[in-house]
Amino acid sequence: MAQPEHPNDELESPDTSRRVFLKQSSALAAWALTPPAAVKAVDSGLHEKMARAVEQMPLRLTVNGKAQQISIEPRVTLLDLLREQLHLTGTKKGCDHGQCGACTVHVDGQRINSCLTLAMTTEGSNVTTIEGLADGDQLHPMQEAFIKHDGFQCGYCTPGQIMSAVACIREGHAHSPEEIREYMSGNICRCGAYANIVEAIMDVKKGGAKV
Ligand code: FES
Ligand code: FES
């Protein structure tokens, strides 16, 4: 007796083949009815480009004392805006998930994780990044203290640590090493420079310099 060519052939009922036939013919009909220009546009990625152009929104903010008027897609994070559009690469992207603190910047004086902040929400704000801490050639006291106490090793987490350290003192949370550790706990240093970072913060706090 002749064997079926495909094991499923014998299971295929007249109903199944009818459904398959109908599906295939509707797909072909839809394709035939699509205007050639639209097909071409999809091919060349034009729809993506058009969507991007339509989605651009105006944003005004001040970054490190400089007024910025830019256009961005609403989904852009503050971190990506700073690094990719404004080329302020001092702020680092560690985890991009709010877990390491490498992306810490100040918005209107408050420390935030810029990877978790949509840039659009900072409309009209004052943003300070690590590049904006120094006064010209004069380093910020916290930057000097980090150098003095060797508060960095690979240095990758350092910008975020320094921004948090400044905020920690401004918030009034730098009275003891324990308190500093608690309020710096959102900033992870994979090299383990914590002891030196705490010393640097204590030093600035005791020195009474304006931060
Ligand atoms: S990059 Fe933002 S918290 Fe890690
Ligand atoms: S200095 Fe390397 S991760 Fe902190």
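Start by selecting residues 158-170, helix α6, and residues 194-207, helix α8: their axes come within 10 Å and cross at roughly 40°. (Axes are lines fitted to C-alpha atoms, for helices over the stretch in contact, with angles from 0 to 180 degrees between N-to-C directions; helices are DSSP runs of H or I with at least four residues, strands are runs of E with at least two, and both are numbered from the N terminus.)

Before you go on: this is a predicted model, where local features need pLDDT of at least 70, side-chain atom pairs count only at pLDDT 80 or more, and totals for chains, interfaces and linings use all residues. Residues are numbered from 1 along each chain as its sequence is written, chains are lettered from A and ligands numbered from 1 in the order in which they are written, and side-chain values use heavy atoms, leaving out hydrogens and water.

Now show Q161, A165 and I169 on α6, plus Y194, I197, I201, V204 and K205 on α8, which make the contact (heavy atoms within 4.5 Å).

Next, pick out the open sheet, with 5 strands in the order β2-β1-β5-β3-β4 and mixed pairing (strands pair if DSSP finds at least two bridges between them). Its edge strands are β2 (66-72) and β4 (110-113). The twist averages 40° from one strand to the next.

Zoom in on β1 (57-63) and β5 (126-128): they run parallel, joined by 2 bridges. Click T62, whose bridge partner in β5 is N126.

Finally, return to α6, which packs on the sheet and touches β3, β4 and β5.
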